[in-house]
Amino acid sequence: MAEMQAFETDFWKDANLRKVWDDIVPGEPRKTIPYTLTREAIELYCRSVGETNPIYFDEAYAKTTRYGGLIAPPSIHILLMFSCTPVDDWMRSPGTVNAGQSWSYNIPARPNDVITLQARALDKFIKRERLFVVHDNVFFNQKGNVICSGRGWTIRPM
């Protein structure tokens, strides 16, 4: 397996660069970066979550399925959320809590897809002294096809 680029696990690193509550503007697009999804990244993700379906690992088997080749599991959007955002993205702020999410899956991501993300805050509000942000995220492949789209709710750190 090819060596993977190290993923930063210190979420406090660069925290001072991230937008704080007052800087999050509903409707304003978040800064995102394209990401090439490799077979190695798919395999590593699958192993880390205990996914063993051969459609994600075994090319010969995957060719016999309706997809005609290897695909990524639908939950790959978790990896993509971090891979398609820079270190100063406000969603990476330490203390951010996932308060819920809803996803729609259109087509599977595949090895060597160049993934782009369109993301923005839709709303922000305070409830019971907690800071909430409602946001949407849409992932596209290099052909402009929607892989998946979702809406989430996060509780922001004070």
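Start by selecting β4 and β5: 10 bridges join these two strands, which run antiparallel. Keep in mind that this is a predicted model.

**Stop 1: the sheet**

Stay on β4 and β5 for a moment. Pick His135, then look across to β5, where its bridge partner is Gly152.

Now widen the selection to the whole sheet. What is the order of its 5 strands? Reading across, the order is β1-β3-β4-β5-β2. The sheet is open, and its pairing is antiparallel. Strands of a sheet pair through backbone hydrogen bonds, either parallel or antiparallel.

Move to the edges. β1 (35–36) and β2 stand there, and each has a single partner strand, so one side of each has no neighbour in the sheet.

**Stop 2: the second largest pocket**

Colour the lining by element. α3 (77–83), β2 (97–105), β4 and β5 (146–156) each give two or more residues to it. β2 gives the most, with 5 residues.

Then colour the lining by residue class. The residues divide into 8 nonpolar, 11 polar and 4 charged.

**Stop 3: the salt bridges**

How many salt bridges does the structure hold? There are 6 salt bridges. Side chains of opposite charge can pair when their charged atoms come close.

Begin with Glu28 and Lys19. Their side chains meet in a salt bridge, 2.3 Å from N to O. Glu28 has 32% relative accessibility, so it counts as partly exposed. Lys19 is also partly exposed, at 32% relative accessibility.

Go on to Arg39 and Glu43. This salt bridge has its closest N and O atoms 2.9 Å apart. Glu43 counts as buried, because its relative accessibility is 14%, under the 20% cut-off.

Now select Arg120 and Asp136. Their side chains meet in a salt bridge of 3.1 Å, N to O. The pair links distant parts of the chain, 16 residues apart. Arg120 sits in strand β3 (residues 114–127), and Asp136 sits in strand β4 (residues 130–140). Arg120 is partly exposed, at 34% relative accessibility. Asp136 counts as buried, at 14%.

**Stop 4: confidence**

Finish by colouring the protein chain by pLDDT. The mean is 92, and 95% of the residues reach 70 or more. Where is confidence highest, and where is it lowest? Helix α2 (residues 59–63) has the highest confidence, at 98. Confidence is lowest in α3, at a mean of 92.

Notes: Residues numbered from 1 in each chain as written. Predicted model: local features only at pLDDT ≥ 70, side-chain atom pairs only at ≥ 80, totals over all residues. Heavy atoms only, no water. Salt bridge = Lys/Arg side-chain N within 4 Å of Asp/Glu carboxyl O. Buried < 20%, exposed > 50% of the residue type's maximum accessible area, 1.4 Å probe, protein only. Helix = DSSP H or I, 4+ residues; strand = E, 2+ residues; numbered from the N terminus. Nonpolar A, V, L, I, M, F, W, Y, C, P; charged D, E, K, R; others polar. Pairing = 2+ DSSP bridges. pLDDT = per-residue confidence, 0-100.
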